[in-house]
Amino acid sequence: MCVGVARRRHRYLTHVLLKEKLQAKLEEIQAKSDGSPVTDLKLDKTLAEEIEELTTELESVNPNLNPLINATHLLDGAWKLQYSTAREIRSLVSLPLGLKLGKVYQVIDIANKLFFNLAKVKHPLGIVSGYVKVTASFELAKEDLEPLPNKRLNVYFDKRYLSIEKIVGINTPQLNPFKVVSVNNPTSRTPTLDITYLDETLRIGRGGDGSLFILSKSDDLPEFSSSI
């Protein structure tokens, strides 16, 4: 076996092993979850550091090193957030009025350079359920000294939708949504997202502040939210 083939095989096996380890760890911390993403604030420091270490190692063997050049088709579709260290996700964990965060999705439309984030929320007693949805557009961005876009997206947020779907089990279309507001983007900087790992079933991203997002490809997005 030539050296090049051996190296590729070793890289592939390392990638598979690290992905399995990370996914097993994520399944472990989500074992008692209702599908809502876990944040580092819910974990002890050692476990959060272990997830960060596994993630960094997996990023180093990314099978699609230039995702915005060679693998944009893999980004298309619905992704479910599994784990994050982002401030905006942490804030959703502590909602008012006893509401609890449910599943969180990101749906990407590569052809039109659009996406939306959708966070399901509900009261544990079934009093009310709904969602928060944020729409946005994006563009492929060049990093410093890079001749072509490689892994970075510039993000431009558009609108935030607040919706109540049901009250005590009764559909409330008149409240879906009950409020739509424009999202103010930062004036001093452009929000960015780096795609640091991408394959057919798993995506890892890093925000401009270094925040971590780990998502899995999903096919269980509710019908009503399938359009952007």
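Biologist: How many bridges join S6 to strand S9 (residues 192–198)?

Modeller: First, the terms: strands (E, at least two residues) and helices (H or I, at least four) are DSSP runs, numbered from the N terminus, and two strands pair if DSSP finds at least two bridges between them. Here 3 bridges join S6 to S9, and the two run antiparallel. Leu-153 has Leu-193 in S9 as its bridge partner.

Biologist: What should I know about the model itself?

Modeller: It's a predicted model, where local features need pLDDT of at least 70 and side-chain atom pairs count only at pLDDT 80 or more, while totals for chains, interfaces and linings use all residues. Residues are numbered from 1 along each chain as its sequence is written, and side-chain values use heavy atoms, with hydrogens and water left out.

Biologist: Which strand does S6 (residues 152–167) join through 13 bridges?

Modeller: That's S5 (residues 128–141), again antiparallel; Val-132 has Leu-162 in S6 as its partner. S6 also pairs in the antiparallel sense with S8 (residues 179–182) over 4 bridges, where Tyr-161 partners Val-180. With S7 there are 2 bridges, antiparallel too, and Lys-166 partners Asn-171.

Biologist: What happens between S6 and S7 in their hairpin?

Modeller: The hairpin has 2 residues between the strands, and Val-168 takes a positive phi near 45 degrees.

Biologist: Which residues make the nonpolar surface patch of about 490 Å²?

Modeller: Patches use residues with over 30% relative accessible area and no salt bridge, joining like charges within 9 Å and nonpolar side chains (Val, Leu, Ile, Met, Phe, Trp, Tyr) within 5 Å. A salt bridge is a side-chain nitrogen of Lys or Arg within 4 Å of a carboxyl oxygen of Asp or Glu. Areas come from the Shrake-Rupley method with a 1.4 Å probe; for residues, only the protein chains shown count as cover. This patch is made by Leu-125, Ile-127, Ile-167, Val-168 and Ile-170. Ile-170 sits in S7 (residues 170–171) and is exposed, because its relative accessible area is 55%.

Biologist: And the protein chain as a whole?

Modeller: The protein chain has 5 helices and 11 strands, and buried residues make up 42% of its 228 residues.

Methods
Buried means under 20% relative accessible area, exposed over 50%, partly exposed in between (1.4 Å probe, protein chains only).
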